[in-house]
Amino acid sequence: MKNIKKLLYLFLGATLVMSCVEDDTTYELNGEGPNLVGFVKSSINASVVADGADKEFLMTVKLAGPTAAEFSEDFDVTVEIDPSSTAIEGVHYRLDSFSLALSASGNYIDNLPLTVITDGIAPPLDVNPKLKLNIVEISNGSVKPNGRTSSIDITIEYLCYSPITGKYSTADAAYWRIGSNNATASSWPEETQMIYICNGVYRVLEYCGLFDGNEWYFEVETDEFGNVADGAEITYPATTPDGDPQMLNGQPLITCELNASDLSNVGCSSSNYVSISGDDVTLYMSYGYFTAGSGSREFYQEMNKIN
């Protein structure tokens with residue numbers, strides 16, 4: 001019985017070692033092995049305003065590997081549409097080419113253009129169309145598909161029009177951490193992007209104040225025709241459109257409406273509204289999050305639309 005157990009342990013140990021070596025060889029190359037080609041990103045959101053115009057997205061493919069720096073042969077890469085895709089060619093998208101040319105002169109990087117069609121689309125759609133592309137052929141046999149990025153998943157998201165959608169710079173800002181003012185507008189990013197996903201709901205991409213790695217939502221009051229008027233109120237929903245609790249930096253969102261006592265350092269009484277005059281849009285926003293055991297983080301930001 002002891003011998004059987006020893007053999008079992010040896011087998012499990014060998015399997016674990018082989019698994020680690022295989023992962024390192026495939027994904028980290030472990031200093032050896034073939035050069036790999038794959039998409040720079042394994043998934044993207046192709047979010048577009050459905051205004052009738054075509055929109056272009058570039059999907060980048062590149063070579064990487066232990067001898068990629070010394071590689072000198074040009075080669076072609078062919079992709080095809082995965083049958084699991086729900087996006088319809090000619091309705092939701094157009095691909096004018098299914099091949100890429102990677103060359104030494106181009107640093108073994110090339111872009112595959114995807115055209116998203118918005119003509120005839122009335123958002124919001126019940127389900128976002130999905131498109132998956134697979135690398136299926138490489139003209140140079142010494143180059144192999146990267147196991148993790150030989151496919152790319154594209155979610156086509158059709159957005160409603162709003163004058164608020166765009167990129168913003170920060171005219172004024174403050175970050176209060178446990179009652180202490182720790183940052184001002186100079187710490188905010190150069191650009192913060194906000195997009196309208198319909199039904200009065202907007203999504204902020206990447207930044208919660210000065211902190212990256214966030215995606216969150218706010219709402220703007222509209223008139224009976226769906227238009228945004230000067231002075232329209234900004235509010236913050238408790239949940240995302242998927243029904244999950246709103247979190248900032250992984251902590252629960254707090255708002256002037258529901259948690260005013262935790263936002264005592266920002267201008268709740270003089271913010272959370274839109275100033276709009278033609279193409280000039282400014283958002284005055286106060287919000288925050290609460291960290292159990294240490295207290296609130298408060299943000300005030302005055303954001304000017306720049307494009």
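This is a predicted model: local features need pLDDT of at least 70, side-chain atom pairs count only at pLDDT 80 or more; totals for chains, interfaces and linings use all residues.
Me: Let us begin with the strands. How do strands of a sheet pair?

Reply: Strands of a sheet pair through backbone hydrogen bonds, and the pairing is either parallel or antiparallel. Strand 2 (residues 43-49) runs parallel to strand 10, and seven bridges join the two. Strand 8 (residues 130-138) runs antiparallel to strand 10, joined by five bridges.

Me: Which residues of strand 10 are the bridge partners of Ser 47 and Lys 130?

Reply: Ser 47 has Glu 157 as its bridge partner in strand 10. For Lys 130, the bridge partner in strand 10 is Thr 155.

Me: Is strand 10 largely enclosed or largely open?

Reply: Count the buried residues, where buried means under 20% relative accessible area. Strand 10 spans residues 151-159, and seven of its nine residues are buried, so the strand is largely enclosed by the rest of the structure.

Me: Strand 20 is next. How many of its residues are buried?

Reply: Ten of the twelve residues of strand 20 (residues 280-291) are buried, so this strand too is largely enclosed by the rest of the structure.

Me: Which strands pair with strand 20?

Reply: Take them one by one. Strand 18 (residues 251-255) pairs with strand 20 in the antiparallel sense over three bridges, and Ile 254 has Gly 288 as its bridge partner. Strand 19 (residues 273-277) is antiparallel to strand 20, with five bridges; here Tyr 273 is partnered by Tyr 284. Strand 21 (residues 295-305) is antiparallel to strand 20 over ten bridges, and Thr 282 stands opposite Asn 304 in strand 21.

Me: What lies in the turns of the hairpins that strand 20 forms?

Reply: In the hairpin of strand 19 and strand 20, two residues lie between the strands, and Gly 278 in the turn has a positive phi of about 65 degrees. In the hairpin of strand 20 and strand 21, three residues lie between the strands, and Gly 293 in the turn has a positive phi of about 95 degrees.

Me: Where is Ala 260, and how far is it from Tyr 287?

Reply: Ala 260 sits in the loop between strand 18 and strand 19. Its relative accessible area is 44%, so it is partly exposed. Ala 260 and Tyr 287 are 27 residues apart in sequence, while their C-alpha atoms are 9.5 Å apart in space.

Me: What other salt bridge does Arg 94 form with an Asp?

Reply: Arg 94 also meets Asp 96 in a salt bridge, at 3.2 Å, N to O. Asp 96 is exposed, at 60% relative accessibility.

Me: Which residue forms a salt bridge with Glu 215?

Reply: Arg 203 does, with the closest N and O atoms 4.0 Å apart. The pair links distant parts of the chain, Glu 215 in strand 15 and Arg 203 in strand 14 (residues 201-208), twelve residues apart. Glu 215 is partly exposed, with a relative accessible area of 44%, whereas Arg 203 is buried at 6%.

Me: Which residues do salt bridges that share partners join into one network?

Reply: Asp 54, Arg 94 and Asp 96 are joined into one network in this way.

Me: Last, which residues gather in the patch of negative charge on the surface?

Reply: The patch holds Glu 221, Asp 223, Glu 224, Glu 233 and Glu 257. Glu 224 is found in the loop between strand 15 (211-220) and strand 16 (234-235). Its relative accessible area is 74%, so Glu 224 counts as exposed.

Note on methods:
Residues are numbered from 1 along each chain as its sequence is written. Side-chain values use heavy atoms; hydrogens and water are left out. Patches are made of residues with over 30% relative accessible area and no salt bridge: like charges are joined within 9 Å, nonpolar side chains (Val, Leu, Ile, Met, Phe, Trp, Tyr) within 5 Å. Accessible areas come from the Shrake-Rupley method with a 1.4 Å probe; for residues, only the protein chains shown count as cover. A salt bridge is a side-chain nitrogen of Lys or Arg within 4 Å of a carboxyl oxygen of Asp or Glu. Lys and Arg count as positive and Asp and Glu as negative; His and the chain ends are not counted. The place of a charge is taken as NZ of Lys, CZ of Arg, CG of Asp or CD of Glu. Helices (H or I, at least four residues) and strands (E, at least two) are DSSP runs, numbered from the N terminus. Buried means under 20% relative accessible area, exposed over 50%, partly exposed in between (1.4 Å probe, protein chains only). Two strands pair if DSSP finds at least two bridges between them.
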